[in-house]
Amino acid sequence: MPKVSEALLEIKNLHTSFRIEGQYYAAVDGVDLTVFKDEVFAVVGESGCGKTAMALSMVRLHNINYTRMDGEILFHGSGSGRPQDILKLKGAELNKVRGGHIGMIFQDPLSALNPLHRIGQQIEETLVYHTDLDKERRKARAMELLENVGMTDPALTYTQFPHELSGGMRQRAMIAIAISAKPDLLIADEPTTALDVTIQAQILDLIRALKKEMKSSIILITHDLGVVAEMADRVAVMYAGQVVETAPVTELFGNPRHPYTRSLLHSIPGAAGGENRLHTIHGAVPDLRGLPRDGCRFSRRTPWMPGDAHEAVPTYHEVGPGHYVLCTCYKTFRFEE
Amino acid sequence: MPLLEVKNLRVWYPIRGGILGRRIGWVKAVDDVTFSIEAGQTLGLVGESGSGKSTTGKAILGLAHISAGQILFEGNDITDSARRNRSPYRKSVQMVFQDVYSSLNPRKRVLDIIAEPLRNFEKLTKAEEKKRVDELLSIVGLTSDAAVKYPFEFSGGQRQRIGVARAIALKPRLIIADEPVSALDLSVQAQVLNYLKDIQKELGLAYLFISHDLGVVRHMCEHLAIMHNSRFVEFGTREDIYSSPTHIYTRRLIAAIPDIDPLKRDENNRRRIEVAKEYTDRREDYYLDSTGVYDLKKISATHMVALP
Amino acid sequence: MWKTIARRLLILVPQLFALSLLIFLLAQLMPGDALRGFIGPGTHPDLLERLREHHGLNDPWYQQYWRWLTAVLQGDMGNSITFQRPVIAVIGDRIGNTMLLSIMASLFTYLIAVPLGILAARHKGTSLDRGTMIYTFVALSIPTVVMGLINILVFALTLGWFPPFGAVELSAHAAGGWTAFSSRIYHALLPAFTMAFLGTVSIIYYLRNEIIDNDSSDFVTTARSKGVPENEVYTRHILRNALLPVAGSAGALVVLIFSGSIFIETVFTFQGMGQLFISSIRGRDFPVANALIMFYAILNTLAILVTDIVITIIDPRIRIK
């Protein structure tokens with residue numbers, strides 16, 4: 001982490017709600033986060049926790065016909081002196097930020113790339129809107145990017161279609177697109193989930209190397225705690241639309257405090273490797289419409305805990321430098337026996 | 001006598017080409033794979049996509065064409081599909097799938113889904129059938145009112161437990177579980193893995209546990225086979241594989257697993273880079289003509305590695 | 001790809017051979033024979049027998065088939081019994097009309113379906129979308145023949161906008177040149193529109209659903225995340241990808257239109273191949289019927305082959321094997 005932490009992206013009281021049968025339900029329900037310059041910030045949680053909904057909110061990629069967003073997303077991108085509130089940007093300004101200042105990498109590179117466009121064309125499309133390069137220079141730059149992301153034969157890949165590449169190569173192409181306009185921030189939504197473990201290792205190495213070179217920040221959205229431990233500087237754990245714990249990575253793994261974080265770390269198989277039963281969490285993650293909206297949202301999963309362990313309206317508590325936990329239940333939490 | 005013996009299993013598909021569509025080569029999906037599973041034991045079959053691990057599972061169930069080799073179940077040769085169908089094998093070996101969303105018929109109630117194998121093989125009255133289904137549901141930790149619901153009313157983990165209930169309905173001896181928890185969240189995965197272990201003890205089940213997740217496999221399996229390029233590159237006990245991985249592919253696979261201790265980050269990266277370097281630089285020490293996997297050689301009583 | 005095309009064309013040969021054999025045998029099984037047209041009540045049985053012998057009708061079927069086949073291979077499809085002219089000439093008179101009708105019907109289909117599909121998708125859930133869906137239900141549920149009769153009644157007989165029958169005015173045909181051509185077009189308008197009606201349904205559905213699906217697909221999200229302006233996202237990513245299956249259905253449309261023409265030409269007494277086909281079956285004019293069946297079979301196979309080739313060219317993911 002850099003010595004002086006300078007904010008790059010500040011999310012303030014973000015709510016992202018989706019319309020289901022005429023009613024809006026918040027998938028991101030009051031999130032406050034700050035991502036600093038030159039850091040890898042991981043957001044971890046299980047499906048339905050709101051992490052992907054939040055990632056897509058950051059550049060407003062949700063369909064506006066059934067999505068409502070409240071709050072502020074302040075972006076301190078390069079170039080402009082004052083921060084911009086992404087939620088208030090007009091179409092053309094928003095398109096400058098998208099791809100230009102914030103690049104995105106998605107989970108499944110096969111479906112995320114247009115099947116009918118050649119790889120070179122898909123990279124150059126970003127260059128068209130965010131650089132002044134002419135046609136020839138765009139091609140040269142696309143080749144250079146393909147080489148930067150580790151393609152062995154950039155000239156060949158340039159002319160290939162997505163289906164002609166392997167999964168790992170596709171994700172490299174996706175990364176080339178995301179970094180093509182030298183963005184200040186990369187948002188990677190489960191970038192290695194669809195890949196084999198050896199390919200995952202290569203892609204993570206690539207992201208790490210590019211980050212070092214570009215000095216940009218990365219928001220890494222993942223369900224994989226191993227990936228978090230390998231990559232992140234700081235981590236936010238999400239549950240039911242809220243951030244329940246934020247901490248520097250060594251602190252989160254070495255001294256996890258929130259009951260949900262502790263439960264998750266406890267249910268990883270293979271760590272102990274053996275005959276023991278795995279830790280499980282009571283009940284299941286409710287769907288969007290059934291999300292608890294009041295009190296400590298995780299309390300339903302820890303029925304053995306007394307009611308007064310929780311706050312009526314949970315607040316964040318600083319338990320160490322940069323380490324925040326939602327609700328007071330962390331103080332008395334014990335695993336059920 | 002082992003419960004299941006697979007001897008020199010081959011699943012080869014012809015590649016056709018030319019105007020007349022003549023055979024011009026073979027895709028070797030599974031190539032000379034040999035192993036056995038004892039009753040009540042779990043064998044983990046680990047590999048990356050395209051390694052042939054799923055095809056191996058399918059071939060045992062008769063869902064992939066067996067080109068050569070032999071499959072024995074309780075000593076009976078069931079390689080041939082006609083003999084397989086006549087023997088109790090079809091009841092004794094069941095499958096659990098990865099995709100919990102498409103493997104359950106969305107238009108059927110849970111009762112009908114679980115009772116389907118019972119209806120195919122056992123003549124039960126309606127009341128007996130309901131009783132069996134309730135028992136099965138309780139084994140996998142669901143209540144009996146689940147029987148009248150449809151699959152969409154359940155979460156991913158519950159669906160996988162319904163899949164498990166269906167698989168154990170006929171009291172099988174062996175379950176082939178193909179990536180049974182890969183689509184599930186961590187906390188849900190833990191529930192399903194616990195249930196799989198519980199019913200194993202209760203019913204004396206054997207598992208062929210096919211997975212790419214080395215953490216899950218380590219938790220579940222006493223014995224492991226690592227598959228690469230359609231063949232076994234290493235075979236051994238959990239101890240053998242995790243404490244003294246010998247083939248470069250196994251080592252590379254293990255080195256690639258992210259460690260959940262951020263303090264070991266640099267150390268892991270170093271090791272990973274070292275192994276990756278050895279994998280590219282010294283391939284000929286481990287592979288015939290740099291791709292072919294050698295036959296397995298015993299290096300201890302339990303541990304076998306594909307080395308020249 | 002050329003290998004594949006060659007192989008597919010090669011497969012066509014035995015297919016046609018088997019089909020011709022089937023047609024020939026079916027014709028043999030039908031009561032009566034080709035002499036039916038010549039004979040009257042007073043025909044002497046000896047004469048009939050001599051004629052049979054002369055035409056080889058007493059030979060075993062395989063000899064007859066062989067004669068027929070060798071003749072066909074030399075381009076001789078025999079003579080039409082009804083018209084007493086070579087089959088080739090009879091069909092040749094009609095093929096132009098049917099081609100014109102089919103081309104116009106295809107054109108109408110796309111001119112109606114593509115804009116409607118796009119509009120319905122872009123205004124999903126509005127009354128425009130619902131109206132289009134009602135149109136497709138109606139088009140799908142009314143049989144083409146009934147639709148033709150309704151159109152004749154409304155547009156030709158009541159409103160008098162179009163001629164109710166025929167493929168061309170005799171006077172215009174005699175005048176030739178542009179007059180004849182425009183008369184042909186004028187006569188083909190109403191039947192072509194009637195045929196287009198049914199063909200539009202699947203294309204509207206395809207296009208509408210593809211556009212809606214693509215709009216929320218991952219690669220479109222990627223395009224938006226790259227800062228591509230919305231109208232460019234629409235034309236370059238959503239629409240172009242959605243038109244793919246529409247182009248792919250062109251072969252099916254050709255087959256649909258040609259089979260539709262059999263009924264529509266009859267309803268409109270339009271002198272084309274479809275009408276000829278019906279009348280040749282009614283009149284037991286087997287040389288004509290056989291030739292037409294072979295024609296439709298070849299057309300069908302070629303339409304599918306051409307579609308496959310077109311798809312291969314426009315969709316890089318598909319390489320026909």
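Modeller: Domain bounds come from an automatic or database domain assignment. Residues are numbered from 1 along each chain as its sequence is written, with chains lettered from A and ligands numbered from 1 in the order in which they are written. The model is predicted, and local features need pLDDT of at least 70, side-chain atom pairs count only at pLDDT 80 or more, and totals for chains, interfaces and linings use all residues.

Colleague: How far apart do the C-alpha centres of domain 1 and domain 2 of chain B lie?

Modeller: Chain B is divided into domain 1, spanning 4-228, and domain 2, spanning 229-308. Between the C-alpha centres of these two domains of chain B the distance is 27 Å.

Colleague: Which element gives the most to the side of domain 1 of chain B that touches domain 2 of chain B?

Modeller: In chain B, 19 residues of domain 1 are in contact (C-beta atoms, placed from the backbone, within 7 Å) with 18 residues of domain 2. Strand E2 (22-37), H8 and strand E9 (223-228) of chain B each supply at least two residues of that side of domain 1, where helices (H or I, at least four residues) and strands (E, at least two) are DSSP runs, numbered from the N terminus. With 7 residues, the element that gives the most is E2(B).

Colleague: Which helix of chain B supplies the largest share of the side that touches chain A?

Modeller: The contact between the chains involves 31 residues of chain B and 30 residues of chain A. Helices of chain B that each supply at least two residues to this side include H8 (214-220), H10 (248-256) and H11 (265-281). The largest share, 6 residues, comes from H7(B).

Terms used: Two residues are in contact if their C-beta atoms, placed from the backbone, lie within 7 Å.
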